[in-house]
Amino acid sequence: MDQLGNREVFRALKYGLRFDIRTTFILLTPLNLWVVLANNRFFRSKVHRLFSNIYLTIVYLAATLFALTDIGFYDYLGERLDATALRFLDNWQISAKMVSETYPVFWAGFGLLIFIVILYKFFDGKFSKFIKSDKIIKGKKKFAYFFLVLFVTAFGIYNSFSFYPLRWSQAFFSKNKTINQLSLNPVLFFYDSYKFRNEGFEIQPAEDYFPAMANYLNIKNNPELDFKRTIPQNDTIQAKKPNVVVVMLESLGAVPMSHFGNPMKGTPNLDSLYQNSISFNNFFVHRIGTARSVFASITGLPDVVNAKTASRNPNIINQRIIYDQFDGYEKLYFLGGSANWANIRAVFQSNIRDLKIFEEGSYETEKRSDVWGIDDYELFKESDKELKKLHDSNKPFIAYIQTSSNHRPFTVPDERESYKPLTESEVDMVLLDKAGFKNIKQYNALRYLDYNVKRYIDRAKEAGYFDNTIFLFYGDHNTSINPYTHMERKEYELEIGQYHVPCFILAPDYMNIENKEYDFPSNLIDIMPTLASTAGIKYTNYTLGINLLDTTRTKHNAFIYDQIQGEPALGVIGKDYFYKTNISGSKSILQNLNNGSLDDVKTENPFVTEHLDSLAKGFYYETKYLYYNNKKDEK
């Protein structure tokens with residue numbers, strides 16, 4: 001690391017120490033107040049002794065659990081613990097099982113029990129030492145001690161010599177995300193992030209930014225806040241009624257794929273499909289998290305809910321969606337585990353008529369792999385069985401297949417047909433680290449996903465429905481990875497790598513697939529309008545997604561819901577620039593995507609800044625508005 005990097009690490013550690021000091025004094029304040037109120041009685045009563053020991057034990061245990069959870073959360077998502085972690089409590093059985101299959105929970109629990117006993121004994125011993133002391137402090141000396149403790153406590157919490165107290169946003173001083181996260185205290189950051197749990201919508205900003213979105217969506221003649229546009233049926237295509245299959249590739253970003261320059265060459269099958277498909281090289285999801293991506297892909301609206309996922313909010317589940325408009329089609333949803341996960345069942349079932357959900361307990365044969373149910377090999381095999389039945393019955397279908405094996409705990413078989421996991425001795429571990437992979441298990445899970453995709457395509461060809469089907473494959477987000485440098489742009493430093501994912505359409509009978517690659521920015525909410533147009537159905541789009549294959553369009557941008565200095569932020573990725581701003585507009589940055597610099601270039605590009613700012617806020621406020629104003633008509 002260079003000298004600047006070393007200085008920034010040292011600065012981050014200093015901030016971390018200050019946050020730790022603040023946390024300590026905040027946690028000790030209730031006990032300090034109790035001591036003041038009890039005065040001399042504090043060391044003479046068994047009740048006070050019991051309270052003191054229990055309180056300190058609980059506080060230290062809670063802080064330890066926060067720290068351990070923070071480590072696991074960062075290892076899992078590459079982010080420090082914040083209030084968004086509460087979403088995992090909604091399906092606590094699944095979350096607990098995943099954790100138990102990934103980490104040594106039994107030994108950790110046993111260690112915590114021992115830790116509790118040691119803590120209690122330690123604090124009780126300290127209390128006994130004070131009782132045995134003959135020192136008695138009175139008068140001015142007692143007042144001086146009281147004032148000193150009060151001053152030190154207050155200063156420890158305020159933690160600053162300036163007019164303003166220490167604030168968590170000060171931790172975000174570096175352009176290096178990893179260094180910034182080094183500063184954060186899990187207890188304080190969790191508490192501070194909780195305040196951003198905002199729900200509902202505001203009509204005025206939705207009206208203010210509608211013109212920007214109307215211009216982007218080419219609906220400038222629509223009435224205000226009316227996003228409706230109807231696409232007529234293409235009779236030439238619908239004469240054959242093509243099937244549609246959406247495959248969500250769990251935790252697959254662009255970074256691990258060889259197509260995007262990854263030196264580990266772990267995705268030969270996906271690369272081959274990608275190069276012989278209609279592909280989108282700058283395709284972005286809006287946020288990190290599978291539930292968020294599934295919600296956005298189905299509803300055509302980004303997930304901009306803070307503390308929990310949009311799928312968990314019962315007030316915004318009811319939406320008019322394109323998936324439901326495939327009239328005359330059998331509609332299916334396949335996943336290896338339970339559809340109760342993250343309330344995803346409601347996203348599909350409440351919005352799609354006559355939907356058939358295939359989940360654990362509904363397959364002919366089930367070989368449960370881990371917390372996520374059957375693995376991808378079995379999932380694709382069981383999905384293919386159902387789709388073959390429909391094909392043999394001449395029933396067109398639209399299906400959504402949600403994979404999961406490329407996800408912790410990265411459960412892969414010892415051998416499955418021609419697939420075998422590699423060992424560390426068979427892999428260049430130095431190159432593996434340089435390529436972004438954290439360990440060999442992560443790499444083997446990627447290889448297993450790659451193998452299973454090819455195996456599924458082979459099955460579809462054998463079953464006979466391959467030629468008459470439009471397949472769309474997309475990654476739901478990038479997995480947590482190490483720093484990397486092989487991408488064309490500085491995606492790791494720009495902090496957009498976690499959102500950049502593969503997306504490609506394989507449609508043998510409906511497209512000329514001679515290496516058509518699109519480099520314009522594209523978004524997850526665009527996949528359903530694109531698929532509906534490709535299938536030639538008549539549909540009405542009420543939301544913010546566009547048809548990516550509309551050759552009349554000249555405007556393409558990707559919206560992401562990111563962070564700026566720890567605050568929720570709205571981001572727009574354009575052809576040449578990446579703009580990011582917090583919701584209030586008090587913090588913003590414009591970066592050139594092509595010159596390798598991370599500098600803020602707002603001053604040099606005022607027109608670009610203004611345009612992308614309006615677009616970012618347009619995406620955000622219109623999404624919030626549509627959550628509550630895009631409901632299906634009651635029937």
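Helices (H or I, at least four residues) and strands (E, at least two) are DSSP runs, numbered from the N terminus. The model is predicted, so that local features need pLDDT of at least 70 and side-chain atom pairs count only at pLDDT 80 or more, while totals for chains, interfaces and linings use all residues. Residues are numbered from 1 along each chain as its sequence is written, and side-chain values use heavy atoms, with hydrogens and water left out.

**Exercise 1.** Locate Asn269 and find which residues it touches, not counting those up to four places away in sequence.

*Solution.* Asn269 belongs to helix α11, which spans residues 268–275. With contact taken as heavy atoms within 4.5 Å, Asn269 touches Asp450, Tyr451 and Lys454. Between Asn269 and Lys454, which lie 185 residues apart along the chain, the C-alpha separation is 6.0 Å.

**Exercise 2.** Describe how helix α2 and helix α7 pack, and which residues make the contact.

*Solution.* Helix α2 (residues 46–77) and helix α7 (residues 186–194) pack at about 75°, their axes being 9 Å apart; axes are lines fitted to C-alpha atoms, for helices over the stretch in contact, and angles run from 0 to 180 degrees between N-to-C directions. Because angles under 35 degrees count as roughly parallel, over 145 as roughly antiparallel, 65 to 115 as roughly perpendicular and the rest as oblique, α2 is roughly perpendicular to α7. From α2, Phe66, Ala67 and Asp70 take part in the contact, and from α7, Pro186, Val187 and Phe190.
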